[in-house]
Structures are given as structure tokens and as C-alpha cells.
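User: I'd like to go through this model with you and hear how the labels were reached. Could you take my questions one at a time?

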Amino acid sequence: MKSFAWIAAWILAAGAAFAADSATVQPALNNVTLTGYTRSNTTQILASEVSGKVLHVHYDVGGAIGKAPFLEVDPVFIDFQIEQTQWSLEKLRVARERNASRAAYLEKEFRRIDRLHADNVATQSNWDAAAEELAQAHLALQATDVELKALSVQLEELKERRRRYRLPAPEGWIVVHRQVEPGEIIAAGTPLGQVADFTRLVVPLFVSGPELDALREPERLSVTVAGQPAQARINWVNPEFDERTRKWAVELALLDYRGEAMGGLLTELTFEVATEGLMVPRSAVVQRYDNPFVVLQADGRKVPVVVMGETADHVLIADHGILKPGMALRQGASPPAK
């Protein structure tokens with residue numbers, strides 16, 4: 001049992017020594033930091049569909065839209081039209097009752113004359129006159145019904161236009177521009193203000209192809225917004241390529257930012273992008289008379305390298321026909337002399 005424990009300890013020590021004495025060739029990665037500024041998710045221009053005098057403007061710049069509309073236009077003239085149409089409808093309803101009453105009376109009169117005509121008491125001319133009068137009464141009643149329906153539609157149209165005298169805006173959005181004051185006379189279609197949705201912030205960026213590939217890998221991206229950590233994801237990628245900058249437009253949507261929601265907050269995103277060359281640990285590079293090389297762990301071969309850059313722990317070297325990512329290298333000691 002003691003000999004077995006000693007062998008096991010020796011194997012663990014040898015494995016630890018091998019791990020400490022070996023290094024690995026890695027793909028070259030470059031740290032990239034993208035910066036952008038927050039803005040609202042959506043903006044909306046406010047314009048009235050009607051002309052008239054502005055009675056009230058309920059919100060100023062920076063105010064959040066509530067239950068009240070953004071502004072109200074004086075509806076006095078359309079209110080007169082609505083009232084007049086309502087009285088016209090009432091007049092038609094009275095006329096319809098009169099026509100209905102006359103049609104009911106003529107219906108009874110026609111039936112009486114029809115019985116007399118069947119008994120050869122009433123003449124044919126009397127029967128024809130009663131039938132024609134009854135038909136005209138029914139036509140008058142139908143004409144009144146048509147006028148009632150047409151005027152009802154006109155009243156609904158006026159009421160819908162009346163609702164347009166209150167200019168709404170999405171509840172919870174923030175007023176960022178205001179171009180109207182109470183008492184002004186406005187024209188239909190003229191921009192009167194602008195509101196923005198700051199419930200979700202977005203950050204526009206311009207990225208290269210390798211940067212876009214790196215951004216698409218994780219589901220969530222770690223960013224800093226005004227110095228505070230947050231998470232983000234790609235909201236959309238514009239497929240249109242900018243030939244001048246050779247980049248694509250990308251928009252990030254912030255997911256859990258808990259700071260003050262406003263535009264212009266500096267947002268930074270740092271990530272690694274694959275680049276040309278290879279990375280090897282600094283301890284695996286041997287310097288001999290300004291001719292750096294690395295030593296393969298497998299067979300002890302010396303492979304000359306071209307140093308392109310350095311970090312605290314690694315050296316960036318040019319691509320090499322022999323060296324491949326994942327290949328083991330010796331480190332910590334010079335190779336035996338040949």
C-alpha cells in the first residue's frame with residue numbers, strides 16, 4: 001500500500017512538472033474597444049391633422065406624456081357643426097314618424113277601398129288612386145330612412161374630426177422638442193413637437209467584418225454605460241455596406257441598465273477579435289543573438305519566429321507553416337545544444 005501511494009504521488013508530481021514546463025500556441029486575438037452614445041429607442045414627430053387656434057399645451061420639454069393629450073385645438077366651429085347636424089337628425093326623425101304614420105293610415109284606406117272594389121262598390125280609378133298614394137307614402141318613408149343614415153354617417157365623421165382636435169402622444173414618452181405655444185394659429189401637418197421613447201436605450205455603432213462576427217457570438221454583451229456595468233444585445237444590423245468606411249451600421253439595445261435613462265451616455269464595449277498571427281506565452285520564446293525561436297514539446301525542434309507585438313504574458317508572432325494553434329511548446333528553459 002505504501003509503494004502504491006508513492007507511485008501515485010510521483011505521477012501527480014510529474015504531471016504538474018510537465019504542465020509547468022509546457023505552453024500552447026494560441027490563435028492571435030486583438031482587444032478592441034468600441035465606443036458609442038446612447039439614444040432613445042424611437043422618436044415621433046407630433047403634427048396636428050387640423051388647423052386652428054391652440055388652446056392648451058400640456059407638456060414642456062423633458063415632461064413625460066400622461067393621460068392628457070400633448071395639446072388641444074379650439075373646437076368651437078366643429079362643435080357648431082356637430083350641434084347643427086344633431087338638430088337636423090332630430091328633424092328627420094320627426095319627419096320619419098310623420099311619414100310612417102301617413103303610410104300606416106294609407107295602408108288602412110287602401111285595404112278598405114280594395115274590399116269595396118272587390119264588391120264592385122268602388123270604381124277602378126278610386127282603387128288606382130289609393131294604391132298610388134300608398135306607394136308614394138312608402139317611397140317617402142324610404143327616402144327619409146336614407147337621409148337619416150347619411151346624416152348619421154356625417155355626424156360620426158364630425159365626431160371623429162372632433163377627436164383630432166386633441167393631439168395625442170404615446171404615454172410615458174418624453175418631450176424632447178416643443179415648437180408651439182398656447183394662442184398660436186397652427187396649420188394641418190405642421191410639426192409641433194417631438195417625443196422619444198427612453199424606456200429602452202440603444203447605442204448605434206459602426207463595425208468591421210471581424211468585429212461583427214465577434215459581436216454575434218454571445219447572446220449578451222457586457223458593456224459599461226457612463227461607468228456603470230450593463231448588458232446589451234444586437235438590436236439590428238444594417239446589411240447596407242458603407243464603401244467609404246468599409247463598415248456596417250449596428251445598433252445595440254441595452255437590457256438591464258439601471259442608471260438615468262437619457263441620450264448621450266458614453267457606452268464602451270471591449271471584446272477580442274481574431275487577427276493575423278499567433279500568440280505564444282512569453283516564457284516559451286527563447287532569445288539567442290536577437291534571433292527568437294520556440295521549441296516544440298514533441299520533438300525538441302527549434303522554430304524561428306517573427307515577433308510582431310507583445311503583451312504582459314504573451315508574444316504575438318507571425319503565422320508560421322509549422323506552428324499551429326494547440327501545439328505544445330517548451331517553456332522556462334533553453335533547449336539542449338545540438
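User: Which residues in helix 2 are called buried, and what makes them count as that?

Analyst: Keep in mind that this is a predicted model. Buried means under 20% relative accessible area, and in helix 2 that label goes to I78, I82, T85, L89, L92, A95, N99, A103, L106, F110 and I113. Helix 3 (124–163) is part of what covers them.

User: How do you know what helix 2 should span?

Analyst: Helix 2 has 43 residues (76–118), and at 1.5 Å a residue they should span 63 Å. The end C-alpha atoms are 63 Å apart, so the two agree. Just after helix 2, N120 takes a positive phi of about 60°.

User: What makes up the lining of the largest pocket?

Analyst: The pocket has a volume of about 260 Å³. Of its 14 lining residues, L29, N30, E272, M279 and T311 are the closest to the centre. Strand 2 gives the largest share, five residues. By type, the lining divides into five nonpolar, seven polar and two charged.

Key. Residues numbered from 1 in each chain as written. Predicted model: local features only at pLDDT ≥ 70, side-chain atom pairs only at ≥ 80, totals over all residues. Heavy atoms only, no water. Helix = DSSP H or I, 4+ residues; strand = E, 2+ residues; numbered from the N terminus. Expected span 1.5 Å × (residues − 1). Buried < 20%, exposed > 50% of the residue type's maximum accessible area, 1.4 Å probe, protein only. Contact = heavy atoms within 4.5 Å. 1 Å grid on protein atoms, 1.4 Å probe; cavity = no way out; pocket = protein on both sides within 12 Å on 5 of 7 lines; lining within 4 Å. Points joined across faces, edges and corners; volume = space filled by probe spheres on them. Nonpolar A, V, L, I, M, F, W, Y, C, P; charged D, E, K, R; others polar.
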